[in-house]
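User: I would like to learn how to read individual features of a protein model, taking the general idea before each particular case. Could we work through one together?

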Amino acid sequence: MTGKMLSSHSSVETQSRAFSYFNGKTTMFRKSCSRSRSAFLPPWLSVYLLCTASLWSSGVRGMQVTSTGPQTIQKAEGESVTLGCRYAQSPFDTGELDIEWSVVSPDTTQKDQMLMSFTSGTRYIHGNHALAKGLSFVDPDPSMGDASISIALLSPAHSATYQCKVKKSPGVDMRKVSLVVMAKPSVPKCWVEGGELVGEAVSLHCKSATGSTPLTHTWRRESGGPFPAAATQSSLTGELKISNHSQSFAGFYLCEVNNAVGAEHCRINLKANKPPNRAAMIVGTVVGSLLLIFILLVFVGLLYWKLSSRHRFEKEFSNDIREDAPPPESRPVSRHTSRSAIQHPQVTYSQVGRTEGSSFNDGRTHTPSGNSHGHTPVKYTPVKYDSKYGYAV
């Protein structure tokens, strides 16, 4: 009985030490095998346990990242995103846990850019602070099997390929995720080209000012009946064409612009106006033309009258100036005339009392007034008038 209990005890000890072999303790497993032989364990049982342990160890993997999902994630600008990186450890992984997040360089000749790491219970931020801003581990303790990260307030600069690497010697595994940050389309503008006249061509347009391409445009009718079968629309340009407009096409239409991260829309009311009366248009054109000609004739007549009045006024004003003009001034006495007068004196001066006098020849004899005091009256010589020079000489 004691031998059976000893044998059973040896078998249990052998199995427990075989399990420790899966944790990397090969030497102890071999010792347990040798002890099992010495403890009355049948040799065939020892070989069986050894083979089973070998098969089990070959089927068990080391460190493994278990996160699944799309390899490319598209997000709108300003939103947040979570990049998954869950992992499972193996009994063979006995080293120190090391988690690394980095940005994969598109140029194979350049190094990848380290963003964040977790080692020995401490989190570290590396490299570009612009990309590291808003970056954090989802689990406060990434050593518990979740190394996923979250990024808040995404911007176009966050568009990159991210790599999660989990290492615990001798096991190591990694996962890559591509993040594309896009801009949502802005609220589009809707407008109509054409006169919205019945029987003519009409086209509806809508366009967003901003938004990451590719943008898809879709028109649909909100009221007034079903969508016109004869209308054609372009999802790329956002144009809806109606070749022959009619009253049945009138109503509200909605255009939606969308891309992978968002959608916006606008509405427009399409009217169906009756074409104007052609006869009335012709009469109006003729009347308008005649009125324009009449205005031009009146303007030309007023302009002619104004110019004629101005010319007549200038002519009368110039005649008044000639009638009121003063006579021309006399010519000054030349030196030659003065010398002639000196050489041919014709004037005789005499003194009568205290008064000096002179007389021109007018055919009369002048006698001074008052008492002559015995003086003889003086007879003056006549003065000649020279018509050449215009004065007496």
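User: Which salt bridge do the side chains of Asp-146 and Arg-86 meet in, and what is its N to O distance?

Analyst: Bear in mind throughout that this is a predicted model. The general idea is that side chains of opposite charge can pair when their charged atoms come close. Here the side chains of Asp-146 and Arg-86 meet in a salt bridge, with an N to O distance of 3.6 Å. Asp-146 lies in the loop between strand E8 (135-137) and E9, while Arg-86 lies in the loop between E3 and strand E4 (87-88), so the pair ties together parts that are 60 residues apart in sequence. Asp-146 counts as buried, at 9% relative accessibility, whereas Arg-86 is partly exposed, with a relative accessible area of 49%.

User: How many salt bridges does the structure hold?

Analyst: The structure holds three salt bridges. One of them joins Lys-184 to Glu-79, where the closest N and O atoms are 3.9 Å apart. Because Lys-184 lies in the loop between E11 and strand E12 (189-193) and Glu-79 in the loop between strand E2 (72-76) and strand E3 (81-83), this pair ties together parts that are 105 residues apart in sequence. Lys-184 counts as partly exposed at 46% relative accessibility, and Glu-79 counts as partly exposed at 30%. Another is formed by Arg-267 with Glu-222, whose closest N and O atoms are 2.8 Å apart. That pair links distant parts of the chain, with Arg-267 in strand E18 (residues 262-270) and Glu-222 in the loop between E14 and strand E15 (232-233), 45 residues apart. Glu-222 is partly exposed, its relative accessible area being 36%.

User: Turning to the nonpolar side chains, which residues of the largest nonpolar core touch the most other members?

Analyst: In soluble globular proteins, nonpolar side chains tend to be buried together. In this model the largest nonpolar core has 27 residues, of which Leu-83, Tyr-162 and Val-166 touch the most other members. At least two residues of this core are supplied by each of E3, strand E5 (98-103), E6, E8, E9, E10 and E11. Once its neighbours within four places in sequence are left aside, Val-166 is in contact with residues including Met-63, Val-65, Cys-85, Leu-97, Ile-99 and Val-172. Apart from this core lies another, of 16 residues, among them Val-202, Leu-204, Phe-249 and Ile-268.

User: How many aromatic pairs does the structure hold?

Analyst: There are two aromatic pairs. Phe-118 and Phe-137 form one that is edge-to-face, with 6.3 Å from centre to centre and 75 degrees between the planes. This pair links distant parts of the chain, since Phe-118 is in strand E6 and Phe-137 in strand E8, 19 residues apart. Phe-227 lies in the loop between E14 and E15 and Tyr-253 in strand E17, so the pair ties together parts that are 26 residues apart in sequence. Phe-227 is partly exposed, with a relative accessible area of 30%, whereas Tyr-253 counts as buried at 0%.

User: What should I look for in the backbone, and which residue does a cis peptide bond join to Pro-170?

Analyst: Most residues other than glycine have a negative phi, and most peptide bonds are trans. A cis peptide bond joins Ser-169 and Pro-170, with omega at about 0 degrees, and Pro-170 is placed in the loop between strand E10 (160-168) and strand E11 (171-182). Thr-213 and Pro-214 are also joined by a cis peptide bond, with omega about 0 degrees; Pro-214 is in the loop between strand E13 (202-207) and strand E14 (216-221). As for phi, Ser-120 has a positive value of about 55 degrees although it is not a glycine, and Ser-120 is found in the loop between strand E6 (113-119) and strand E7 (122-125).

User: Is Ser-120 buried or exposed?

Analyst: Ser-120 counts as exposed, because its relative accessibility is 53% and the cut-off for exposed is over 50%.

Technical notes: Residues numbered from 1 in each chain as written. Predicted model: local features only at pLDDT ≥ 70, side-chain atom pairs only at ≥ 80, totals over all residues. Heavy atoms only, no water. Helix = DSSP H or I, 4+ residues; strand = E, 2+ residues; numbered from the N terminus. Buried < 20%, exposed > 50% of the residue type's maximum accessible area, 1.4 Å probe, protein only. Salt bridge = Lys/Arg side-chain N within 4 Å of Asp/Glu carboxyl O. Core = buried A, V, L, I, M, F, W, Y, C linked by side-chain atoms within 4.5 Å. Contact = heavy atoms within 4.5 Å. Phe/Tyr/Trp six-rings, centres within 6.5 Å; stacked < 30°, edge-to-face > 60°.
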